[in-house]
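Colleague: I am new to this structure and would like to go through its salt bridges and pockets. Could we take them one at a time?

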Amino acid sequence: DVKIIRLQNDKVFAYISLGEINESSTHFDDFKKHTIGKNEIWNSHYIDLESKKARETLMEMVDEIFFFVYDGLFLDNIDNFTIHGPQKDQAEKVIDLIGAIKEKYPKKMFIQNAGLDLVEQTSRYVDLIAIESIATDYSFKDKKCNLREKTIFEASLNRINTISATYSIPFILIEYADSKDLVELVKKRVEPTGYDFFIGTID
């Protein structure tokens with residue numbers, strides 16, 4: 001599968017969460033005793049990075065992924081470790097972990113998903129930052145996508161512009177839409193930003 005995808009793309013990235021493990025994961029049993037709470041929305045458990053075993057298992061998972069010759073990793077749930085996140089007390093642990101992965105695989109590329117509060121520390125290790133839902137807002141309660149208020153969108157965009165310029169790091173915008181009309185409204189907002197973007201459904 002990776003070989004086929006590679007034929008159609010310049011770079012091929014694999015996904016890994018550094019903050020959560022889903023109960024359906026083949027590695028869940030390895031983490032079961034090394035978690036600190038549950039994310040009910042996604043049926044996943046917060047990984048305790050204070051645990052040496054948890055950190056070692058994550059590194060083993062990275063090794064498994066790179067066996068398949070991916071160009072890099074999409075590092076998810078980094079926002080969990082920011083000031084309002086459920087793992088905010090382990091921010092230094094996730095920064096150290098990202099650094100360790102980069103040290104072991106210096107030629108690989110890494111996409112950090114969100115976690116903007118940590119960019120000052122992580123920018124030396126990652127090549128790109130993905131940010132979700134600055135133009136749109138998905139309501140898990142109503143199971144519906146909506147367009148964000150323009151002032152909120154502009155504030156988020158200003159922050160992204162500042163971070164991108166300060167740390168010379170590119171961004172990709174990820175938005176969610178559940179109708180053709182909303183897709184067009186999102187395009188009108190994000191196309192003028194100059195950033196690459198992707199519009200998909202929440203699943």
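Colleague: Which residue forms a salt bridge with E184?

Modeller: This is a predicted model, so the answer rests on computed positions. A salt bridge needs a side-chain nitrogen of Lys or Arg within 4 Å of a carboxyl oxygen of Asp or Glu. The closest N and O atoms are 3.9 Å apart, and the partner is K187.

Colleague: How many residues apart in sequence are the parts that the pair D71 and R6 ties together?

Modeller: The side chains of D71 and R6 meet in a salt bridge, at 3.1 Å from N to O. R6 belongs to helix α1 (residues 2–7), while D71 sits in the loop between α3 (52–66) and β5 (72–76), so the parts tied together are apart in sequence by 65 residues.

Colleague: Is D71 buried or exposed?

Modeller: Buried means under 20% relative accessible area, and exposed means over 50%. D71 has a relative accessible area of 17%. By that cut-off D71 is buried.

Colleague: Which strand gives the most to the lining of the largest pocket?

Modeller: The largest pocket has a volume of about 1600 Å³. Its lining has 50 residues, and D76, N77, D79, N113 and E132 lie nearest the centre. With 4 residues, the strand that gives the most to this lining is β7 (residues 128–132).

Colleague: What is the volume of the second largest pocket?

Modeller: Its lining divides into 7 nonpolar, 1 polar and 3 charged residues. Strand β6 (residues 109–113) supplies the largest share, 3 residues. The volume of the second largest pocket is about 260 Å³.

Definitions and conventions. Residues are numbered from 1 along each chain as its sequence is written. This is a predicted model: local features need pLDDT of at least 70, side-chain atom pairs count only at pLDDT 80 or more; totals for chains, interfaces and linings use all residues. Side-chain values use heavy atoms; hydrogens and water are left out. On a 1 Å grid over the protein atoms alone, a cavity is a set of points where a 1.4 Å probe fits but cannot get out, and a pocket is an open set with protein on both sides within 12 Å along at least five of seven lines; lining residues have an atom within 4 Å of a point. Grid points are joined across faces, edges and corners, and a volume is the space filled by probe spheres set on the points. Helices (H or I, at least four residues) and strands (E, at least two) are DSSP runs, numbered from the N terminus. Ala, Val, Leu, Ile, Met, Phe, Trp, Tyr, Cys and Pro count as nonpolar, Asp, Glu, Lys and Arg as charged, and the others, Gly among them, as polar. Buried means under 20% relative accessible area, exposed over 50%, partly exposed in between (1.4 Å probe, protein chains only).
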